[in-house]
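Please read the briefing below alongside the sequence and the coordinates.

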Amino acid sequence: MHSFRYAEGSLKCEGVDLESVAAEVGTPAYVYSAETIRNNYRRLDTALTPLGDRMICYAMKANGNLSVLNLLAKEGAGFDIVSGGELFRVLKAGGRADRCTFAGVGKTVEEIDYALRQGTYSFNVESEQELERINEVAGKAGLIAPIAIRVNPDVDAPTHKYISTGKSKNKFGIGLDRAAEVYARAASLPNLKIRGLQTHIGSQILKAPPFAEAVRKLTPLVLELKALYGLEFFSVGGGVGIVYRGALASGDAAWWKGGGEEATERITPEEYASEVIEPLKALGLRILFEPGRFIVGNAGVLLTSVLYRKETPTKKFVVVDAGMNDLIRPALYEGHHEIEPLRQPKDSSLEKVDVVGPVCESGDFFAQDREVATLAPGDRIALMSAGAYGFVMSSTYNARPFLPEVLVEGDKATVVRARQTWEDLIRGEKVPGEAA
Ligand code: LLP
């Protein structure tokens with residue numbers, strides 16, 4: 001379910017007209033629907049209710065705006081974090097460290113120390129050296145660090161090669177063959193407490209069976225570790241995919257069967273849950289989930305305005321004011337974002353164009369040879385399903401300031417991050433010999 005639809009001739013987010021947001025805040029700008037985020041969280045949590053003891057740790061790397069984190073903290077979510085900065089954000093947003101899992105292959109001493117002192121629920125450890133490092137840092141702080149080891153189940157989940165993680169050739173986790181040994185080492189270290197086991201097979205996965213397969217593959221190990229060390233939790237990670245193609249027409253952030261962002265068939269969260277619940281229940285542990293994209297992906301759009309049209313003998317280009325620095329998914333993952341005009345087109349005629357941004361790179365496009373409604377300078381469009389891995393992956397390349405973010409709740413739109421200014425862009429820089 002998502003809350004973007006045409007009504008009275010224009011695109012609305014909940015009760016707010018996106019044209020009026022664009023007019024007030026300017027473009028480009030990100031807009032999020034609070035209702036969609038809440039609904040996605042609740043729908044997933046409800047589907048997982050039969051598990052009993054469970055915690056949804058929202059993978060905040062997908063969208064870390066304080067207002068989004070605050071909304072989810074109020075829903076009772078925990079958080080999956082990957083840096084000290086992310087933990088800082090969670091705490092600022094009213095979240096709790098004892099509901100945070102700290103993942104990532106490159107945790108620094110400072111980050112480990114900070115997360116430990118804040119009382120983080122679990123460090124999800126990705127290598128043996130990291131295990132030793134956490135033990136050392138905990139020893140110096142006079143604290144015991146709760147840990148889980150990320151075990152790589154070597155499951156092939158169909159997705160883009162840059163976001164597949166569950167195969168043994170990826171840099172993530174520890175192989176199934178070595179996991180028991182690494183747990184034994186962890187048990188021998190004085191400043192660690194074994195709390196769980198974590199896995200994650202990749203992102204934008206559109207079929208439920210690979211998740212269940214990962215659980216089944218890890219079950220013997222989990223049961224063995226439970227008997228040996230009294231494991232408290234098992235985390236299945238995140239990775240559940242969303243609708244990108246036809247996102248508006250379907251009105252649904254449900255999960256789709258089939259391949260990549262081209263998928264046209266869907267499955268529901270309930271079907272997904274029914275696939276994983278049985279093998280997870282058999283573990284008799286607290287179960288953690290780390291969804292990012294599913295919670296926020298279809299809850300956000302990027303508003304942008306058409307600046308120019310340009311034609312070559314072979315192509316028609318529509319140049320917009322957002323660039324790859326604002327939304328990098330098409331350039332980086334061949335990501336597909338539907339293009340919807342904010343004013344509903346009067347006729348259904350389409351035109352094949354490339355929609356491109358102003359950045360000096362050929363990779364700066366949002367669509368190539370795509371049939372979209374006829375667009376003229378001044379028209380505004382929404383790039384759909386941009387709530388996950390949108391703003392958070394943006395940069396100021398080409399000295400383009402960070403965009404504003406707007407949160408809609410009912411008929412109210414609030415700017416939850418101000419647009420950066422040119423002055424903001426140079427803050428902290430100096431020319432040697434001159435006053436800053
Ligand atoms: N847990 C772990 C350990 C992860 O590495 C990730 C994502 C998640 C959870 C959340 O995955 P999700 O539920 O959002 O699929 N920037 C890429 C996606 C990168 C995902 C990285 N890890 C994109 O825009 O498609």
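**Briefing on a predicted model**

Ring pairs join Tyr30, Tyr32, Phe391 and Phe402 into a cluster, where rings of Phe, Tyr and Trp (its six-membered ring) pair if their centres lie within 6.5 Å, with planes under 30 degrees apart counted as stacked, over 60 as edge-to-face and the rest as tilted. This is a predicted model, in which local features need pLDDT of at least 70 and side-chain atom pairs count only at pLDDT 80 or more, while totals for chains, interfaces and linings use all residues. Residues are numbered from 1 along each chain as its sequence is written, and side-chain values use heavy atoms, with hydrogens and water left out.

**Aromatic rings**

- The structure holds 8 aromatic pairs, and one of them is the tilted pair of Tyr121 and Phe233, at 5.4 Å centre to centre with 35 degrees between the planes.
- This pair links distant parts of the chain, 112 residues apart, since Tyr121 lies in the loop between helix 5 (109–118) and strand 8 (122–125), and Phe233 in strand 12 (residues 233–235); helices (H or I, at least four residues) and strands (E, at least two) are DSSP runs, numbered from the N terminus.
- Tyr121 counts as buried because its relative accessibility is 5%, and Phe233 counts as buried at 0%; buried means under 20% relative accessible area, exposed over 50%, and partly exposed in between (1.4 Å probe, protein chains only).
- Lys107 lies over the face of Phe102, at 5.5 Å from the ring centre, the criterion being that NZ of Lys or CZ of Arg is within 6 Å of the ring centre and within 35 degrees of the ring normal.

**Packing of helix 2 and helix 3**

- Helix 2 (residues 34–47) and helix 3 (residues 66–75) pack at an angle of about 40 degrees with their axes 10 Å apart, where axes are lines fitted to C-alpha atoms, for helices over the stretch in contact, and angles run from 0 to 180 degrees between N-to-C directions.
- The contact (heavy atoms within 4.5 Å) is made by Ala34, Ile37, Arg38, Tyr41 and Arg42 of helix 2 together with Val68, Leu71, Leu72 and Glu75 of helix 3.
- The residues of this contact divide into 6 nonpolar, no polar and 3 charged, with Ala, Val, Leu, Ile, Met, Phe, Trp, Tyr, Cys and Pro counted as nonpolar, Asp, Glu, Lys and Arg as charged, and the others, Gly among them, as polar.

**Exposed positions and separations**

- Gly142, in the loop between helix 6 (128–141) and strand 9 (145–152), counts as exposed because its relative accessibility is 65%.
- The C-alpha atoms of Gly142 and Val372 are separated by 61 Å, and the two residues are 230 apart along the chain.
- Lys412, in strand 21 (residues 412–417), counts as exposed at 56% relative accessibility, and leaving aside neighbours within four places in sequence, Lys412 is in contact with Val16 and Leu407.

**Backbone geometry**

- Most residues other than glycine have a negative phi, and most peptide bonds are trans.
- The peptide bond from Thr27 to Pro28 is cis, with omega near -5 degrees, and Pro28 lies in the loop between helix 1 (18–25) and strand 4 (29–33).
- Asp154 has a positive phi, near 55 degrees, and this residue, in the loop between strand 9 and strand 10 (174–175), is partly exposed with a relative accessible area of 33%.
- Ala399 has a positive phi, near 50 degrees, and this residue, in the loop between strand 19 (380–383) and strand 20 (405–409), is exposed with a relative accessible area of 53%.
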